[in-house]
Amino acid sequence: MTDLSVYRNIGIFAHVDAGKTTTTERILKLTGKIHQIGEVHDGAATTDFMEQEQERGITIQSAATSCMWNKHRLNIIDTPGHVDFTIEVYRSLKVLDGGVGVFCGSGGVEPQSETNWRYANESEVARIIFVNKLDRVGADFYRVVKQIEDVLGANPLMMTLPIGIEDQFSGIVDLLTRKAWVWDDSGDPMNYNVIDPPADMADRIEQYREKIIETAIEQDDDIMEAYLDGHEPDIDTVRKLIRKGTIALDFFPTYCGSAFKNKGVQPVLDAVVDYLPAPTEVKPQPEVDPEGNETGDLAVVDPDRPLRALAFKIMDDRFGTLTFIRIYSGKICKGDTVLNAFTGKTERIGRMVEMHADSREELESAQAGDIIAVVGMKNVQTGHTLCDPNNPATLEPMVFPDPVISIAVTPKDKASVEKMGIAINKMIKEDPSFYVETDEESGETILKGMGELHLDVKVDILRRTYGVEVAVGKPQVAYRETITQRIEDSYTQKKQTGGSGQFGRIDYVVEPGEPNSGFQFESTVTGGNVPREFWPAVEKGFRLSMEKGTLASYPLLDVKITLSDGAYHPVDSSAVAFEIAAKSAYRQTIPKASPQLMEPVMKVDVFVHEDYVGDVIGDLNRRRGIIRSQESGATSVRVQADVPLSEMFGYIGDLRTMTSGRGQFSMEFSHYTACPKNIADEVIKEVRERETKKA
């Protein structure tokens with residue numbers, strides 16, 4: 001049986017362009033997994049194996065690989081940094097025990113860093129920090145550490161200090177051992193010397209080393225007392241305390257270097273082994289009932305317990321469907337039958353493989369703590385639990401955000417219609433943040449996603465991977481509707497046919513709910529005027545109607561409905577009658593409640609040289625943006641704004657024109673807000689014209 005204490009399941013995550021994939025390449029080289037380093041900018045990185053990733057120089061889907069370091073097995077997932085593919089980070093963090101947060105030495109804490117850090121906090125993942133790219137112009141290790149404290153509210157514990165900065169960056173000082181690691185300029189990560197640090201750094205080294213000791217000893221009262229009496233703990237004791245505090249999320253050991261120049265990566269690998277938890281040292285996953293409530297049982301990481309595994313990623317490749325699973329307890333052998341707790345159906349385990357980016361090694365068995373891929377599972381989707389058929393259980397499922405943008409696609413020829421259907425089905429399984437629906441009246445296929453780049457990549461995959469040529473319509477914004485007035489109303493459903501009729505009267509109040517409260521329903525009926533067994537039917541009628549607003553058929557947000565009174569007939573009343581009454585009441589009352597169109601607003605971060613700040617702010621104002629803040633960095637100014645999504649289409653082209661190609665931006669969904677009347681009128685008019693054409 002494998003010793004789980006030597007396992008480390010880790011993810012590498014960061015803002016786009018902070019150097020995650022480059023760091024992963026260096027780790028694979030140092031651990032002997034690859035013999036030649038591939039560079040992201042050359043399109044040759046091992047974990048960026050999709051054509052779209054190689055061309056754009058970004059990571060689009062998370063890639064899994066395994067390697068060995070100091071007799072420890074590292075299962076590593078390299079995740080995307082771009083906001084449109086945040087879902088990949090979320091689902092990877094969900095199944096990992098530890099993480100390496102990579103930050104750019106000059107860019108610092110960027111918007112996507114905040115989102116990823118928040119996901120890691122929610123998943124309670126222990127992390128170490130690697131401040132990368134210290135060889136770049138404008139790099140400042142101490143400024144980035146301060147940003148991590150201020151912006152992320154984290155507690156970084158500096159374990160190394162840089163020697164030199166920008167083009168003078170030559171190595172690092174390990175504070176615990178007080179030794180300097182200095183690399184030569186050959187670019188070989190193994191060409192380094194461990195020497196005494198520069199004399200002019202002595203005071204700074206002692207200052208930060210003392211901080212490490214003082215932070216670590218807070219984990220043990222006895223050691224703290226001894227320290228206060230003048231007994232400094234030895235290095236092994238300090239390392240054990242740092243490990244304890246890291247796993248408890250009290251602080252985050254922080255390292256520095258330049259992955260591209262092969263400097264500073266070995267101490268990060270040592271830290272992964274020394275400070276990040278083994279699978280047995282993290283909180284066990286809670287088991288839940290069919291409604292998603294915790295049952296109190298836990299999937300304890302133990303190979304001898306019943307099987308509990310979570311499917312966290314589906315990938316289609318030339319050998320068939322690959323289902324990535326994290327095994328929490330029990331073990332799986334080739335030929336076993338497992339139960340999918342979501343569908344209630346069993347699946348046979350055929351081939352099992354250990355992934356190394358897009359290549360694989362066959363496995364006969366796997367156990368608790370392993371991350372593996374199973375080939376050819378038919379009905380398993382992201383978030384499904386696989387378990388022992390004789391001892392079923394469900395693990396906490398994953399929750400995915402709603403899409404904010406959609407486009408219509410039409411195959412260019414008849415031969416592509418069937419191919420597109422098969423391709424889209426595979427793509428939906430792979431990416432839970434990608435939705436597809438067919439407009440029943442026009443027959444158009446609508447693709448919905450998290451941003452322009454997300455959908456752009458999906459269309460590119462359709463064309464290249466599946467050979468489906470499509471015509472693409474202009475992007476559509478996912479508007480919503482809400483109401484602004486409280487209305488008391490009544491509706492009677494009365495229908496007499498040959499046999500028993502339909503009767504149901506409801507008196508109700510429709511009022512705006514709190515922001516983000518969704519649909520709320522309650523009944524204050526007393527005296528049995530509407531029998532209790534019909535209340536769910538009334539709720540169902542209103543809930544189903546919320547999917548289509550009365551202004552422009554967009555879903556209705558944040559509405560509270562109170563059933564106050566009504567009447568029923570002992571023979572003619574039924575659940576169906578009350579459900580129809582609620583649906584008709586919705587159509588009758590919502591138009592009276594001053595409905596309003598809501599538009600999605602994006603949190604936009606723009607990084608530009610100070611020469612262009614005025615132009616950029618002026619342009620964001622023209623796009624109805626509200627400027628939230630403006631911060632000067634070493635090499636650029638960061639402008640943060642809230643801007644309606646409808647005004648952001650094609651922004652990257654305009655930004656590059658304005659800034660002579662030097663501007664960068666990222667955006668993510670923030671909230672819905674009321675749409676100005678002139679814009680709302682235009683949207684409603686457009687929707688009604690489309691509906692008239694279909695009719």
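This is a predicted model: local features need pLDDT of at least 70, side-chain atom pairs count only at pLDDT 80 or more; totals for chains, interfaces and linings use all residues.
## Basis

Local features require pLDDT of at least 70 and side-chain atom pairs count only at pLDDT 80 or more, whereas totals for chains, interfaces and linings use all residues. Residues are numbered from 1 along each chain as its sequence is written, and side-chain values use heavy atoms, with hydrogens and water left out.

## Nonpolar cores

A nonpolar core is a set of buried Ala, Val, Leu, Ile, Met, Phe, Trp, Tyr and Cys residues joined through side-chain atoms within 4.5 Å; buried means under 20% relative accessible area (1.4 Å probe, protein chains only). The largest such core has 70 residues, and Val100 and Ile242 have the most contacts inside it. Its largest share, seven residues, is supplied by helix α9 (residues 265-275); helices are DSSP runs of H or I with at least four residues, and strands are runs of E with at least two, numbered from the N terminus. Another core, of 47 residues, lies apart and includes Phe434 and Leu655.

Beyond its neighbours within four places in sequence, Ile242 is in contact (heavy atoms within 4.5 Å) with residues including Leu157, Phe251 and Tyr275.

## Open sheet

Three strands form an open sheet in the order β13-β12-β24, with antiparallel pairing; pairing requires at least two DSSP bridges between two strands. Strands β13 (294-299) and β24 (394-395) are the edges. Three bridges join β12 (residues 285-288) to β13, and Val288 has Glu294 as its bridge partner in β13.

## Helix pair

In α10 (residues 415-430), Met420, Ala423, Ile424 and Met427 meet Lys458, Ile461 and Leu462 of α11.

Conventions: Buried means under 20% relative accessible area, exposed over 50%, partly exposed in between (1.4 Å probe, protein chains only).
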